[in-house]
Amino acid sequence: MRTNPSEEKKTPIITTYCSKNRNHDNISDLVLVKYKCQTNGVPVTTSNGSTLPLVPETNNDAESGYNPFQHRLVPHSTTNFETLIHLLKGSLGTGILAMPLAFRNAGLFFGLIATFAIGFICTYCIHVLVRCSHVLCQRMKVPSLSFADIAENAFLSGSPRVRKYSGLARGLVDLFLCIDLLGCCCVYIVFVAKNLKQVGDQYHYEFSINSWIFILMIPLIVLNLIRSLKFLAPFSMIANLFTGAAMCITFYYVFQDLPSVGARPQMAEWTQLPLFFGTAIFALEGIGVVMPLENNMKTPQSFLGCPGVLNFGMFVVVLLYSGFGFFGYLRYGDHTEGSITLNLPDDEKLAQSVKVMIAIAILITYSLQFYVPMEIIWKSVKPRFSSNHIRYEYLLRVVLVICTVIIAAVVPQLGPFISLIGAVCLSMLGMIFPSVIELVTYQSDSSRKCSYTMIIKNILIISFGILGFVTGAYSSLKEIIEEHFPHSKH
């Protein structure tokens with residue numbers, strides 16, 4: 001008769017450190033011990049050079065290895081379907097509306113092929129990050145890790161020559177995540193305000209753009225007081241329905257009087273390609289929300305694999321982005337605007353409904369983008385408060401939302417600057433960091449050493465990430481210069 005795992009005799013995990021061990025140094029071992037204790041919520045107890053107990057471990061764990069999924073205690077875990085909804089909503093942002101413009105800078109068929117290629121690379125890098133997370137969770141005996149935790153522990157548990165960079169790795173990931181995602185929140189506010197202003201002007205509600213921005217502050221504060229991803233899932237579902245309906249109506253306009261494929265260039269000039277790569281990478285990369293989604297799943301083993309939540313969700317995302325870009329550019333050609341909604345008729349109610357639905361969907365997406373930087377910042381300031389943690393967390397949420405609203409109001413033409421930050425951050429977060437983390441993680445694992453294939457593959461991805469870094473920065477700077485210094489391009 002099989003025994004219930006919860007009824008098995010539990011034995012403590014003993015973590016020791018010894019100055020005679022050539023593969024570890026005392027400081028790193030002590031940090032590892034302290035980290036595991038804090039993560040599992042147990043105190044550090046040191047006796048005769050050993051720290052014990054860290055976490056209770058079943059005999060089954062001791063025999064077959066630590067399984068992090070069995071130790072995850074998530075109060076409001078999300079189902080596979082809810083995680084898929086969040087993944088779709090987190091990936092389908094304002095970038096999809098700019099894909100026709102990206103195709104204008106690439107050509108029809110080159111843009112189609114390149115979009116699928118970039119989508120494949122982005123998805124693969126997410127796989128790499130999540131797999132490294134699982135390896136490091138087993139190595140560290142912890143149930144889950146954030147993106148920054150993965151970077152820090154990959155270096156901290158690696159060879160002695162890389163351990164000193166663990167703090168830098170964590171700091172860089174947190175910095176890039178906060179700048180990128182809070183920047184996206186500011187862009188979303190401006191985007192929603194501009195769409196509502198266009199519709200409001202048709203009905204003589206002629207408020208200024210800043211007035212619309214401050215009107216949005218109240219619903220944003222209320223929405224972002226929701227602390228659990230599970231409770232945000234219904235809002236993400238609503239946003240997905242609005243986005244789907246808006247895209248269907250947009251396709252209705254796009255497919256009217258659609259010209260032949262031969263009417264558009266199949267490949268653009270080489271000088272225009274950097275603009276395409278910068279926009280496509282910014283639009284397709286959604287690695288910032290991946291680890292919180294995977295860590296909050298009821299069945300995290302279903303996130304990867306075939307088909308898996310990630311593969312299915314990213315396939316749908318890439319398909320929608322490529323279809324939107326291909327047919328949008330085919331319909332409007334050289335007249336394609338920065339957002340395809342601007343190509344729709346201003347005086348038709350059906351077209352106006354698209355702008356309203358997209359505005360609502362993006363407004364809800366703000367909450368998902370806000371979740372990660374809020375989590376990072378709150379973890380860093382929480383120890384400063386001895387009590388009333390919930391009250392102070394709510395206060396911090398309100399303050400951060402107000403700050404993004406003020407930044408959006410002060411700099412309403414924020415798009416080009418955030419595109420620059422986003423392209424730089426996402427090239428680092430989505431391609432360069434996962435590849436470096438994989439190399440460091442497996443380099444120190446005697447059972448899973450880095451092969452030459454893995455090294456060459458990661459070098460190629462890092463090179464492509466640097467290409468995205470350079471091309472994204474180039475396209476964004478070019479847009480900034482042309483917008484703010486129009487005479488400089490002549």
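Trainee: Which residues does Glu82 touch, leaving out residues up to four places away in sequence?

Mentor: A contact here is a pair of heavy atoms within 4.5 Å. With residues up to four places away not counted, Glu82 touches Ser77, Lys230 and Ala233. Keep in mind that this is a predicted model, where local features need pLDDT of at least 70 and side-chain atom pairs count only at pLDDT 80 or more, while totals for chains, interfaces and linings use all residues. Residues are numbered from 1 along each chain as its sequence is written, and side-chain values use heavy atoms, with hydrogens and water left out.

Trainee: Is Glu82 buried or exposed?

Mentor: The scale is relative accessible area: buried is under 20%, exposed is over 50%, and partly exposed is in between (1.4 Å probe, protein chains only). Glu82 comes out at 17%, so it counts as buried. Glu82 sits in helix H3, residues 80-91; helices are DSSP runs of H or I with at least four residues, strands are runs of E with at least two, and numbering goes from the N terminus. The protein chain has 18 helices and five strands, and 52% of its 490 residues are buried.

Trainee: What span should the 12 residues of H12 have?

Mentor: Take 1.5 Å times one less than the number of residues. For H12 (residues 273-284) that gives 16 Å, and the end C-alpha atoms are 16 Å apart, so the two agree. H12 is also mostly covered, with 10 of its 12 residues buried, including Phe276, Phe277 and Ile281. Helix H8 (residues 166-202) reaches 55 Å from first C-alpha to last, close to the expected 54 Å. Just after H8, His204 takes a positive phi of about 65°.

Trainee: Which residues have the most contacts inside the largest nonpolar core?

Mentor: A nonpolar core joins buried Ala, Val, Leu, Ile, Met, Phe, Trp, Tyr and Cys residues through side-chain atoms within 4.5 Å. The largest one has 121 residues, and Ile118 and Phe147 have the most contacts inside it. Helix H15 (residues 349-381) gives the most to this core, with 15 residues. Among the residues that Phe147 touches are Leu129, Val173, Met291 and Phe433.

Trainee: How many salt bridges are there?

Mentor: The rule asks for a side-chain nitrogen of Lys or Arg within 4 Å of a carboxyl oxygen of Asp or Glu. That gives seven. One of them pairs Glu152 with Arg170 at 2.9 Å, N to O. Glu152 lies in helix H6 (residues 147-156) and Arg170 in helix H8, so this pair ties together parts that are 18 residues apart in sequence. Asp149, Glu152, Arg170 and Asp174 are linked in a network of salt bridges.

Trainee: What about a pair inside one helix, such as Lys197 and Asp201?

Mentor: An α-helix has 3.6 residues a turn, so residues three or four places apart point the same way. Lys197 and Asp201 both lie in H8, four residues apart, about one turn, and their side chains meet in a salt bridge at 3.4 Å, N to O. At 25% relative accessible area, Lys197 is partly exposed.

Trainee: Where is Glu438 in the pair with Lys457?

Mentor: In the salt bridge of Glu438 with Lys457, the closest N and O atoms are 2.5 Å apart. Glu438 lies in helix H17 (residues 415-443) and Lys457 in helix H18, so the pair ties together parts 19 residues apart in sequence. Glu438 has 4% relative accessibility, so it counts as buried.
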